[in-house]
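Please work through the following exercises with the sequence and the model open side by side. Each task is followed by a solution that goes step by step.

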Amino acid sequence: MDTTRRRFLAGAATVVGTAATGDAAHADDHLHQEVPSDVALRVKSIESLLVEKGLIDRAAIDAMVDIYENKVGPRNGARVVARAWVDPAYKQRLLANGTAAIGELGFSGEQGQDITVVENTAKVHNLIVCTLCSCYPWPVLGLPPVWYKSAAYRSRSVIDPRGLLKELGLELSPDVEVRVWDSNAEVRYLVLPERPAGTEKLSEAELAALVTRDAMVGVSRVSGPREEARA
């Protein structure tokens with residue numbers, strides 16, 4: 001997670017608590033409202049025991065989780081996006097029936113759940129959230145990142161999506177409409193980002209390499225090759 005995400009998680013939850021209740025005195029309660037599930041507590045206990053006995057290394061576990069959050073998992077979604085950018089007919093099918101079109105590339109949705117794809121344009125920006133828990137399109141994005149599951153993100157996505165995006169480094173012009181999509185047990189959402197300028201000569205594989213998980217959630221844009229080089 002980059003420093004922008006860390007700053008957001010550190011400070012935004014207090015703002016959300018205050019905005020949602022109208023009372024700063026309740027902000028601390030809001031920060032502590034999420035009690036880990038029995039399964040999460042059990043996993044944490046087992047992990048601590050294994051670390052204590054020297055059987056596993058916590059840093060190695062964090063590194064493995066990072067791989068599946070940021071590298072392996074999102075590559076499936078990146079392939080879907082790149083195909084839509086180069087194949088207009090596939091893009092049309094993707095927007096009409098995301099689950100079926102994603103299945104064409106060999107990525108099947110979770111049982112009983114559909115994936116709806118929403119397209120970013122020059123005038124519309126889409127943002128994905130799960131306000132109740134952490135519903136997420138695992139087959140195309142891998143593991144949900146920590147910030148996506150946080151109370152701060154889940155609340156501010158609905159209360160102040162434009163302000164949230166600005167804090168995360170994406171400032172949209174006032175004439176761009178922000179649409180927030182709430183994932184649930186039946187439907188998961190995936191953002192089809194805008195194709196960046198200057199990528200007309202890139203191959204499908206090269207385009208896929210530009211696509212990030214954050215862009216497919218809607219908290220960032222896809223950078224072109226020159227922007228990547230400057231970064």
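The model is predicted, and local features need pLDDT of at least 70, side-chain atom pairs count only at pLDDT 80 or more, while totals for chains, interfaces and linings use all residues. Residues are numbered from 1 along each chain as its sequence is written, and side-chain values use heavy atoms, with hydrogens and water left out.

**Exercise 1.** Find which residues touch the most other members of the largest nonpolar core.

*Solution.* A nonpolar core is a set of buried Ala, Val, Leu, Ile, Met, Phe, Trp, Tyr and Cys residues joined through side-chain atoms within 4.5 Å, where buried means under 20% relative accessible area with a 1.4 Å probe and protein chains only. The largest such core has 46 residues, and Ile-102, Tyr-153 and Val-217 touch the most other members. Leaving aside neighbours within four places in sequence, the contacts of Ile-102 (heavy atoms within 4.5 Å) include Val-80, Tyr-90 and Phe-107.

**Exercise 2.** Determine how strand S2 is covered and paired.

*Solution.* In S2 (residues 124-129; strands are DSSP runs of E, at least two residues), six of six residues are buried. Val-124, Asn-126 and Ile-128 lie on one side, and His-125, Leu-127 and Val-129 on the other. S2 pairs with strand S3 (residues 177-182) in the parallel sense over six bridges, pairing requiring that DSSP finds at least two bridges. Within this pair, His-125 stands opposite Val-178.

**Exercise 3.** Decide whether Thr-199 is buried or exposed.

*Solution.* Thr-199 lies in the loop between strand S4 (187-192) and helix H11 (204-210). Thr-199 counts as buried because its relative accessibility is 0%. Beyond neighbours within four places in sequence, Thr-199 is in contact with Leu-207, Leu-210 and Pro-225.

Methods
Buried < 20%, exposed > 50% of the residue type's maximum accessible area, 1.4 Å probe, protein only. Helix = DSSP H or I, 4+ residues; strand = E, 2+ residues; numbered from the N terminus.
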